[in-house]
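Hi there,

Here is the structure I promised to pass on. Have a look at it first, and then read my notes below.

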Amino acid sequence: MFGSHKKKLVALFLSALMIVPAAAFSGCGSKGQAASSGSAQSAPQKVTGKIALICSAAGPNDNGYNQSAIDGLKEVKKDLGIDYKVVQSTDIPGSLTSLAQAGYKLIFSLEYNFDALVKGVGGQKAIADQFPDTTFVVFNDNPNLKADGTPLHKNVISVMFNVNESSFLAGALSVMVNENATTLFGTSDYSFTAGDAGRKIGFIGGTKSNGITVFGYGYASGANYEAKKLNKQYTCYTYYDAGFTDSAAGATKANTFFSSGANVIFSSAGSVGDGVDSKAKEVKKMSIEVDANKDAAYPGHILTSVIKNTKVPVYTIAKYYNDGKIADYGGKELTYDLKSGATSITDLTEIGSKVVDSGKDEWTKIKAELKDISDKIGSGTIKVVNAQNGEKFDKSTLTNVTMPND
Amino acid sequence: MNMLNSILYDTIYYSTPIVLCTIGGLLSYNANVVNIGLEGMMLMGAFSSALFSLLTGNIFLGILIGVVLTFLLGLIFSFLSINLKSNFIITGFGVNILVAALSEFVLQYMQVANINLNSVVNVNHLKIHIPLVENIPILGKLLSGHPFMTYFTIAMVFVVNLILYHTRFGLYVRVVGENEDSARSVGINVNRVRYAAILIGAVLSALAGANLSVERMALFTNNMTAGRGFIALAAFYCGKGKPLNSVLYAVIFGLAQALATNLSLNAGAASGLFGAVPYVVMVIVLAAVSVTKQRGKLTRGTGIG
């Protein structure tokens with residue numbers, strides 16, 4: 001009797017042991033944060049830096065979004081002599097609070113998590129209200145708005161990237177590469193669908209929201225621009241409900257596009273995009289990645305990546321702060337476009353290295369055309385629909401691209 | 001024709017890991033152990049085989065280590081739930097979150113967003129093309145061009161069926177499931193039978209995971225099993241733990257997913273709705289099965305099925 005009782009206790013204990021590491025592991029990010037901000041909390045006077053940055057879940061070594069923001073801070077330190085602190089955290093509100101308490105006056109938060117900052121959660125006052133002397137910078141959305149469109153807090157800055165413009169470039173590039181695939185890459189390593197059957201491209205998104213369709217609409221518009229120039233008719237398959245997790249399902253979805261003749265698929269869907277890349281390699285076609293420069297993950301099969309270069313806004317805003325002008329920008333939504341360099345496609349070196357000798361001339365022409373397009377976007381000659389600002393996309397403007405699933 | 005071929009091929013693609021996990025899980029179901037940790041075991045297989053394929057540079061070694069590690073996970077689950085008599089559901093749930101967190105932690109620690117086996121293996125080389133058969137219309141797509149694990153799965157369906165109904169071990173499993181006390185009274189080592197059933201399930205789930213990550217995609221991403229273990233659970237519940245019936249349900253779910261994926265392309269603006277098809281099918285099947293199960297049942301709550 002006693003024995004079984006003891007056994008049950010041991011069972012309970014061991015079950016608890018199984019759960020505990022799970023909790024510890026999932027909270028690993030916050031552990032790092034606790035260590036860093038904890039030390040800051042215990043000695044609030046000894047602030048080593050004035051600027052802090054909270055990484056998004058991808059972490060500081062993501063070769064893109066986070067890393068380039070940190071590069072921006074490194075440059076700030078070099079040029080302006082301001083120290084900075086980088087924090088990895090799963091508890092964004094907690095980190096915002098402890099960093100502000102520790103005396104950081106400019107805090108960048110790369111994670112998509114704003115409620116506690118601008119609205120306050122759990123009966124708490126909004127963090128922005130609690131620390132009126134601290135400026136908070138958030139990315140990819142403008143949560144800092146009242147219903148009438150005026151800013152909620154004067155110490156929150158929202159940074160937006162006009163990825164519609166860089167997606168436009170990716171669309172134009174897709175069509176140009178598709179038209180000249182055999183010239184550029186030969187026939188041995190790729191099996192592009194040829195002729196009219198292959199005048200197809202695809203877009204796969206994680207969810208149908210403005211933050212995702214902004215890529216797809218820009219992409220289709222860019223394809224339309226080039227298709228019109230070349231007087232060809234294109235089809236752009238779209239799927240906006242791929243989610244962000246199931247990479248295997250993403251791969252089969254991509255396969256339906258590829259086997260129906262699409263030669264390039266652009267995806268903005270987290271891990272699902274990795275599945276699309278894997279399938280592109282399997283069927284010897286191409287995919288386009290997003291956010292960070294992932295061209296080297298599948299050399300020769302990722303045509304390019306539509307990147308957000310966070311270095312640019314981080315540096316400029318830190319400079320405003322250094323010059324004492326940060327208050328002028330408080331409460332504003334700062335938009336960074338193609339011209340600012342904060343969003344673009346990659347420099348195409350990875351895919352360029354796969355271009356065969358006889359295709360080099362064509363490749364130079366394509367790059368020149370891309371340059372021309374980005375100049376035109378910069379000067380405003382080409383205006384690309386920006387869905388993330390709530391702009392409506394008028395598909396009838398697409399003279400040479402049909403979007404059957406949109 | 002092209003689309004029919006794609007649907008058939010994708011049905012096999014989706015079904016393979018689910019079927020493998022189903023036949024692994026139904027053994028312990030027959031021994032009256034509800035293993036909801038199947039999802040975690042599949043994820044463990046997917047994760048560890050991808051990780052060790054990358055580290056060793058050899059996918060066979062990688063998959064082997066993945067299977068061994070998942071076997072150990074199965075041992076922990078068995079020890080807790082059989083020897084220490086913890087609740088199966090809670091322990092299985094613990095397995096699921098443990099593995100999800102562990103894989104996420106390791107990726108974070110390695111500072112990568114996913115495990116890319118691009119440098120180790122080319123998935124095209126893993127596909128087995130059967131000469132002559134691959135040229136037969138329709139049948140060719142069903143039978144040829146799949147990786148090894150697909151054929152292994154088909155074989156295992158019959159093997160597990162054989163084990164369950166034509167071996168002494170299979171008989172013991174069923175007796176233990178029907179009535180633990182009777183089993184004990186005739187001298188069957190109940191714990192040992194359950195251990196074996198769970199561990200076979202763990203190994204097959206690990207292989208299902210390896211099929212998904214290493215063989216099919218050469219890629220591991222966080223939580224990539226995306227509920228397939230639970231679909232397997234639903235499949236052998238619908239099939240009442242009978243191998244051939246359960247596999248049939250698993251294939252129905254695979255078919256639903258393949259149909260949804262392929263048909264949505266031609267569905268115009270409604271394509272997004274097709275994503276719900278597999279889940280709607282699952283709910284309908286589950287409901288239909290549980291209604292028919294209740295008919296003619298006189299007692300409540302005893303035994304299995």
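**The sheet in chain A**

In this predicted model, chain A holds an open sheet of seven strands with mixed pairing, in the order β12-β10-β9-β8-β6-β7-β13. Helices (H or I, at least four residues) and strands (E, at least two) are DSSP runs, numbered from the N terminus, and two strands pair if DSSP finds at least two bridges between them. At the edges are β12 (343–345) and β13 (401–402) of chain A, each pairing on one side only.

Strands β6 (residues 200–205) and β7 (residues 234–239) of chain A run parallel and are joined by five bridges. Gly202(A), for example, has Tyr237(A) as its bridge partner in β7(A). Helix α10 (residues 247–259) of chain A lies across β6, β7 and β8 (264–268) of chain A, at about 160 degrees to β6(A). Axes here are lines fitted to C-alpha atoms, for helices over the stretch in contact, with angles from 0 to 180 degrees between N-to-C directions.

A word on conventions: residues are numbered from 1 along each chain as its sequence is written, while chains are lettered from A and ligands numbered from 1 in the order in which they are written. As this is a predicted model, local features need pLDDT of at least 70 and side-chain atom pairs count only at pLDDT 80 or more, whereas totals for chains, interfaces and linings use all residues.

**Two helices in chain B**

How are α2(B) and α4(B) oriented to each other? Helix α2 (residues 38–56) of chain B and helix α4 (residues 88–110) of chain B pack at about 25 degrees, with axes 8 Å apart. They are therefore roughly parallel (angles under 35 degrees). Among the residues that meet are Phe47(B) and Leu51(B) from α2(B), and Val99(B) and Val106(B) from α4(B); contact means C-beta atoms, placed from the backbone, within 7 Å. That contact has 10 nonpolar, three polar and one charged residues (Ala, Val, Leu, Ile, Met, Phe, Trp, Tyr, Cys and Pro count as nonpolar, Asp, Glu, Lys and Arg as charged, the others, Gly among them, as polar).

**Where the chains meet**

The contact between the chains takes 44 residues from chain B and 43 residues from chain A. On the chain B side, α4(B) gives the largest share, 10 residues. That side divides into 19 nonpolar, 21 polar and four charged residues.

**Confidence**

The predictor gives the complex an ipTM of 0.85 and a pTM of 0.83.

Best wishes

Conventions
pLDDT = per-residue confidence, 0-100. Contact = placed C-beta atoms within 7 Å. Parallel < 35°, antiparallel > 145°, perpendicular 65-115°, else oblique.
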